[in-house]
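Please examine the structure shown below, with attention to its charged pairs and to the packing of its helices.

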Amino acid sequence: MAEKLTPKQEAFVIAYLETGNASEAYRRSYNTKASAKTITEKASRLLAEGNIRARIDELQDKVVERAIVTKEWVISRLVENVERAMQHEAVKNSEGAPTGEYRYDGSVANRSLELLGKELKMFVDRKEVGTPGEFDNLTAYELRERIRRETEALGLHGGTTQSARGSGAARSKPN
């Protein structure tokens, strides 16, 4: 910032960032009873000043920096939660000195580990195929054939093996 702002200009900048409205910011910082037209004109002139615009941009950048929550930040806090919940760090008193007490909170640790695992794509969602009881009346042969067709359709099975086909006795389909 090249030029230092007056206290009223700084107040205008802060009010503008709070409200997003230049006229309202002018009204608050200059404590004026001027007409709406005059306030709008003066507020517009203030916004056009280079040093005021630069200060607004500077403060907006600081707000954005503080507001951004990065992936790395979230992951580091989850790891911190796991370590604290699993007694890796002693409980501290109000001065920050360790009390010698350790606490275990499995639910916090498990939830943090679950979220970390999901982010790292360590878990696979499993979905049941079919409706309850759909396979109850199928023979062993029909089940194996169904599994074979499904795995081939998914590209998971290159060819049939003896274990996939079953023994010769199970291969024949009952009448």
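Glu41 and Lys37 lie 4 residues apart in helix H3 and are therefore separated by about one helical turn, helices being DSSP runs (H or I, at least four residues) numbered from the N terminus. Their side chains meet in a salt bridge (4.0 Å, N to O), a term that requires a side-chain nitrogen of Lys or Arg within 4 Å of a carboxyl oxygen of Asp or Glu. Glu41 is partly exposed at 37% relative accessibility, whereas Lys37, at 60%, is exposed; buried means under 20% relative accessible area, exposed over 50%, and partly exposed in between (1.4 Å probe, protein chains only).

This is a predicted model, in which local features need pLDDT of at least 70 and side-chain atom pairs count only at pLDDT 80 or more, while totals for chains, interfaces and linings use all residues. Residues are numbered from 1 along each chain as its sequence is written, and side-chain values use heavy atoms, with hydrogens and water left out.

| Salt bridge | Closest N and O atoms | Helix | Separation |
|---|---|---|---|
| Glu114 and Lys118 | 3.3 Å | H6 (residues 106-119) | 4 residues |
| Arg148 and Glu145 | 2.8 Å | H7 (residues 140-153) | 3 residues |

Glu114 is partly exposed at 31% relative accessibility, and Arg148 is partly exposed at 22%.

Helix H3 also takes part in a contact (heavy atoms within 4.5 Å), in which Gln9, Phe12 and Tyr16 of H1 meet Ala43, Leu46 and Leu47 of H3.

Key. Helices (H or I, at least four residues) and strands (E, at least two) are DSSP runs, numbered from the N terminus.
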